[in-house]
Amino acid sequence: FERINSGGVSLSDQESRNAIYDGKMNRLCLRLSRHPALCRTWGLPVPDADEIAGGELRVEVREHPTFRRMDDVELVLRFFAYRHRLDNQDGPLKGFLDRYQKEANLFQDDVLHSLETMFVETITLVDEVLGEEAFYLWRKRSTGWGWYQRPTTVVYDPLMFAVSQRLD
């Protein structure tokens, strides 16, 4: 796929991963990427009743840049993979996520179910406690300290990891 697509439209890493490494983990990440708490904390349109019932996605969802580039799906994958990164850290994150998704597609259903439960409990708790700005970065600029006006993975990765370790 990567060789054939090399002359076409440039895909994001997650779009390529979705095409190359489809499987149970990929489908789990796709499903969880539409979780209302994740959508709220990343400024994505929250699923409506029609979408929840299996209907079509609204135009505002399909045209949202985060959705179109599958960055929301990568956020879910990052959550799962980041929990193993410290033990298996070698090379850039892209290669690690590729390898993790390939291997995680082979996980047993009970493992995938427990991972799903952990993700849902973690993102729900973060959303309930910290709200829509949970993953905003407090940083210093030339004009003083202030909030970065969008969520960042710099906050998302360690915060989700830490909260998932303390769900009890």
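**View 1. Helix H3 packs against helix H10.** Helix H3 (residues 24-32) and helix H10 (residues 109-130) meet at an angle of about 25°, and their axes lie 11 Å apart. Since angles under 35 degrees count as roughly parallel, over 145 as roughly antiparallel, 65 to 115 as roughly perpendicular and the rest as oblique, H3 is roughly parallel to H10. The crossing of H3 and H10 is right-handed. A crossing has that hand if the near helix is turned clockwise from the far one by less than a right angle, and is left-handed if anticlockwise. From H3 come Lys-24, Met-25, Leu-28, Arg-31 and Leu-32. They meet Asp-109, Leu-112, Leu-115, Glu-116, Phe-119 and Val-120 in H10. Contact here means heavy atoms within 4.5 Å. The residues of this contact divide into seven nonpolar, no polar and four charged.

This is a predicted model, in which local features need pLDDT of at least 70, side-chain atom pairs count only at pLDDT 80 or more, and totals for chains, interfaces and linings use all residues. Residues are numbered from 1 along each chain as its sequence is written, and side-chain values use heavy atoms, with hydrogens and water left out.

**View 2. Helix H8 meets helix H9.** Two packed helices are described by the angle between their axes and the distance between the axes. For helix H8 (residues 71-85) and helix H9 (residues 93-104), the angle is about 95° and the axes are 10 Å apart. H8 and H9 are therefore roughly perpendicular to each other. On the H8 side, the contact is made by Glu-74, Leu-77, Arg-78, Phe-80, Ala-81, His-84 and Arg-85. H9 brings Leu-93, Phe-96, Leu-97, Tyr-100 and Gln-101. By class, there are seven nonpolar, two polar and three charged residues in the contact of H8 with H9. Ala, Val, Leu, Ile, Met, Phe, Trp, Tyr, Cys and Pro count as nonpolar, Asp, Glu, Lys and Arg as charged, and the others, Gly among them, as polar.

Axes are lines fitted to C-alpha atoms, for helices over the stretch in contact, and angles run from 0 to 180 degrees between N-to-C directions. Helices (H or I, at least four residues) and strands (E, at least two) are DSSP runs, numbered from the N terminus.

View 3. A disulfide is a pair of cysteine sulfur atoms within 2.5 Å. By this rule the count is zero disulfides. The sulfur of Cys-29 is 14 Å from the closest cysteine sulfur, in Cys-39, which is too far for a bond. Cys-39 is in no disulfide either. Cys-29 counts as buried, at 0% relative accessibility. Cys-39 is buried too, also at 0%. Buried means under 20% relative accessible area, exposed over 50%, partly exposed in between (1.4 Å probe, protein chains only).

**View 4. Arg-34 sits in a loop and is buried.** The loop runs between H3 and helix H4 (36-41). The relative accessible area of Arg-34 is 11%. Not counting residues up to four places away in sequence, Arg-34 touches Cys-39, Leu-44, Pro-45, Val-46, Pro-47, Glu-51, Leu-57, Val-61 and Phe-67.

**View 5. Met-70 has a positive phi.** The value is about 65°, although Met-70 is not a glycine. Met-70 lies in the loop between helix H7 (65-68) and H8. Met-70 is buried, with a relative accessible area of 12%.

**View 6. Pro-151 lies in strand E2 (residues 144-151)**. Pro-151 is buried, at 10% relative accessible area. Leaving aside neighbours within four places in sequence, Pro-151 is in contact with Thr-41, Trp-42, Phe-135 and Tyr-136. Pro-151 and Phe-80 are 71 residues apart in sequence and 19 Å apart in space, C-alpha to C-alpha.
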